[in-house]
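Welcome! Take a look at the model below, and then we can walk through it topic by topic.

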Amino acid sequence: MPDELSIIWPIEFVVIGVAVSFQASSRGKDAWKKLVSEACREQISPSVFRPTIPLSVVIYHFPDGKMGDIDNTVKPILDAMEGIAYHDDNVVERLTAQKFEPGHLAKWAKPSTTLFKAISGQKPITYVMISPRPHEEIV
């Protein structure tokens, strides 16, 4: 049986569009979760074993203007990845969420190709990274 090591870590993807709050209408939330699920599914084979090991999730929002509270955008993203990246989001032990509104970008030492796409691409866009290292130091 394949194990967590058969997955190529980290898993990274971007979702183009405005991140939706868990307080949004069901229709808007469902449409956003579908976009997240599809982007995640493109990176993970359906035959891959869903990890039950502790995970870390990074979510970076790159809006095209002023953005509201990011804490409300996290739950729909985590829920959308259930059954694709993991069986249940209770395996997520570390969560980092940050927004980078226009004019407030950070300096990136060595962004991955996927993160670079989010930084330099069309906005709004959300970057997601899943890693099996929830206890490693943030660099």
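Predicted model: local features only at pLDDT ≥ 70, side-chain atom pairs only at ≥ 80, totals over all residues.

- The residues lining the second largest pocket are Glu 12, Phe 13, Val 14, Glu 38, Ala 39, Glu 42, Gln 43, Thr 114 and Lys 117.
- Strand 1, helix 1 and helix 3 (113-120) are the elements that each give two or more residues to this lining.
- Strand 1 provides the largest share of the lining, with 3 residues.
- Sorted by class, the lining of this pocket holds 4 charged, 3 nonpolar and 2 polar residues.

- As background, nonpolar side chains tend to be buried together in soluble globular proteins.
- The largest nonpolar core here has 30 residues, and those touching the most other members are Phe 13, Val 36, Val 57, Met 81, Tyr 86 and Ile 130.
- At least two residues of this core come from each of strand 1, helix 1, strand 2, helix 2 and strand 4.
- Helix 2 is the element that gives the most to the core, supplying 5 residues.
- A second, separate core has 10 residues, including Val 58, Phe 62, Leu 115 and Ala 118.
- Which residues does Met 81 contact, leaving aside its neighbours within four places in sequence? They are Phe 13, Val 36, Cys 40, Val 57, Tyr 86, Val 128 and Ile 130.

- Just after helix 2 comes Gly 83, which takes a positive phi of about 85°.

- Not counting residues up to four places away in sequence, Asn 72 touches Val 20, Ser 21, Phe 22 and Gln 23.
- Thr 126 belongs to strand 4 and is buried as well, because its relative accessible area is 1%.
- Along the chain, Thr 126 and Val 15 are 111 residues apart, yet 5.1 Å separates their C-alpha atoms.
- Apart from neighbours within four places in sequence, Thr 126 is in contact with Phe 13, Val 14, Val 15, Ala 19, Trp 32, Ile 59, Tyr 60, His 61 and Ile 77.
- With His 61, Thr 126 makes a polar contact between side chains, at 2.9 Å.

**Cis peptide bonds**
- The peptide bond from Trp 9 to Pro 10 is cis, with omega near -10°, and Pro 10 lies in the segment before strand 1.
- Lys 123 and Pro 124 are also joined by a cis peptide bond, where omega is about 0°.
- Pro 124 is located in the loop between helix 3 and strand 4.

Methods
Residues numbered from 1 in each chain as written. Heavy atoms only, no water. Helix = DSSP H or I, 4+ residues; strand = E, 2+ residues; numbered from the N terminus. Buried < 20%, exposed > 50% of the residue type's maximum accessible area, 1.4 Å probe, protein only. Contact = heavy atoms within 4.5 Å. Polar contact = N/O pair within 3.5 Å; in protein donor to acceptor, adjacent residues only side chain to side chain. 1 Å grid on protein atoms, 1.4 Å probe; cavity = no way out; pocket = protein on both sides within 12 Å on 5 of 7 lines; lining within 4 Å. Nonpolar A, V, L, I, M, F, W, Y, C, P; charged D, E, K, R; others polar. Core = buried A, V, L, I, M, F, W, Y, C linked by side-chain atoms within 4.5 Å.
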